[in-house]
Amino acid sequence: MQLPYSDNLEISYLSRIFDNTSECYKFFWFQAIVTKVLEGKQYITYEELIDEMIADAWYMVIEYHLNLGPRDTLESLVHYLQQISQLKSSEKKDKILDYLKNCKDKEVLKRKRSLTKHVPYRIQAPFLDKIKGKEWDTTESTLISKINQEHRLMYYFETLNGMQTTIRFSPEWFDYIHQNQEIIKGWLRYHMILYLQKRNPSVPGIADKLYPPQERKLEKVKKYWKSFLTLQPIHEIYGDIPLSEKDISIDHFIPWSYVAHDEFWNLHPTTRSINSSKSNHLPDWNTYFPSFAKLEYCSYQMIWKSDTIHNEFEKCAKEHLNDPAIRIKLYQKDQDFLSFSQILEEILKPVYQSAKNCGFQNWIYEGTLKSERGSIPSPLSLSIS
């Protein structure tokens, strides 16, 4: 992916800043710089940039469980921050930044400072041909002095002052980022995806996991299940609670934060409170898959019994059944429950196990414990025929 040409800037140097990247810091540092520049800032402190890096990494680490690199300092800091802050995995970025701004925890401050040891200097290495090999291994003040003598860099350093050290952004590069911001964002996104894919080879939808989770567009699926309710009552699968049109929420059986899609075969109705309680956890397979399969099979039967439900299903399929092979295999007519359930398990189980391997936690609904009921909850008020 090419960056826009400039007559007076060394764009070829900028295009090489992510060469030989073994850790994630450069991506987050540069992304933080772009964010602050687009906010109009030409003078930016280390603390502002590090806080921005942490907030940007928060969702990748906590919400999506991505691996940022071997022994990654930023990733471990984000995990530590979650432990002491109790911030939600999907917390608003502004709230994360506010917490960081006011956080006086000594370990957080120590780890934040450690993130400034190398990346502010080494990210401009392609611009700095005169600094080679062991010349990088010197004190920060000496390195700053050397770098500030160079010409046509993206930014320069004010006096070293811990986390209040300030970088002064070059007016020419400031203008270049403003004029080409969409291309630069796309270029950064492209390189970050390549980096993350190498470190998370079994994780789907990396491109959708660079930013905070967005609200899912599931209105067609919700309308489908509401239409279903007019013909047949349903008990949701986690708490064996009867569903009503007034309280129905669409849940991803395997969390969206892992699968990064809204495929019909992974969606089912529950209540808003249970969906909120489940969050991005994995429902215990042995407890809930039998009920999930039963509910999905009753849905499958109704698709072929009712023209109304079939029409609603076709509307859903246009957006929520994107693999023709799965549609043909799972929703072909005249399947018995055993065949349908086995196919559904073949589709879901490998994805479920992969999510589990990535650290998504097991979950059992505590509102109505299975041991109190004595059996797996029945999702429907009538048996499968």
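Guide: What follows is a set of questions about labels, each answered from a cut-off. This is a predicted model, in which local features need pLDDT of at least 70 and side-chain atom pairs count only at pLDDT 80 or more, while totals for chains, interfaces and linings use all residues. Residues are numbered from 1 along each chain as its sequence is written, and side-chain values use heavy atoms, with hydrogens and water left out.

Visitor: Why is Glu-52 called buried?

Guide: Buried means under 20% relative accessible area, exposed means over 50%, and partly exposed lies in between, with a 1.4 Å probe and protein chains only. Glu-52 has 2% relative accessibility, so it counts as buried. This residue is found in helix α3. Of the 385 residues of the protein chain, 51% count as buried.

Visitor: Which residues does Glu-52 contact, leaving aside neighbours within four places in sequence?

Guide: Contact means heavy atoms within 4.5 Å. On that basis Glu-52 is in contact with Ala-32, Thr-35, Lys-36, Lys-93 and Leu-97, once neighbours within four places are set aside.

Visitor: Is Tyr-99 buried, partly exposed or exposed, and why?

Guide: Tyr-99 is at 26% relative accessibility, and therefore counts as partly exposed. Its place is in helix α5 (residues 93-102). Not counting residues up to four places away in sequence, Tyr-99 touches Leu-81, Ile-84, Ser-85 and Leu-87.

Visitor: And why is Trp-256 put in its class?

Guide: The relative accessible area of Trp-256 is 10%, so this residue is buried. Trp-256 is found in helix α12. Residues up to four places away aside, Trp-256 touches Tyr-64, Asp-208, Arg-216, His-261 and Asp-262.

Visitor: How do you know that a charge sits over the ring of Tyr-80?

Guide: The rule asks for NZ of Lys or CZ of Arg within 6 Å of the ring centre and within 35 degrees of the ring normal. The charged end of Arg-111 sits over the ring of Tyr-80, 4.9 Å from its centre. Likewise, the charged end of Lys-209 sits over the ring of Tyr-258, 5.0 Å from its centre.

Visitor: What makes a space a pocket, and what is the volume of the largest pocket?

Guide: On a 1 Å grid over the protein atoms alone, a pocket is an open set of points where a 1.4 Å probe fits, with protein on both sides within 12 Å along at least five of seven lines; lining residues have an atom within 4 Å of a point. Grid points are joined across faces, edges and corners, and volume is the space filled by probe spheres set on them. The largest pocket has a volume of about 1,000 Å³. Its lining has 29 residues, with Ser-90, Gln-214, Glu-215, Arg-216 and Asn-275 nearest its centre.

Visitor: Which elements each supply at least two residues of that lining?

Guide: They are α3 (46-63), α11 (219-231), β4 (249-252), α12 (256-259) and α13 (272-278).

Key:
Helices (H or I, at least four residues) and strands (E, at least two) are DSSP runs, numbered from the N terminus.
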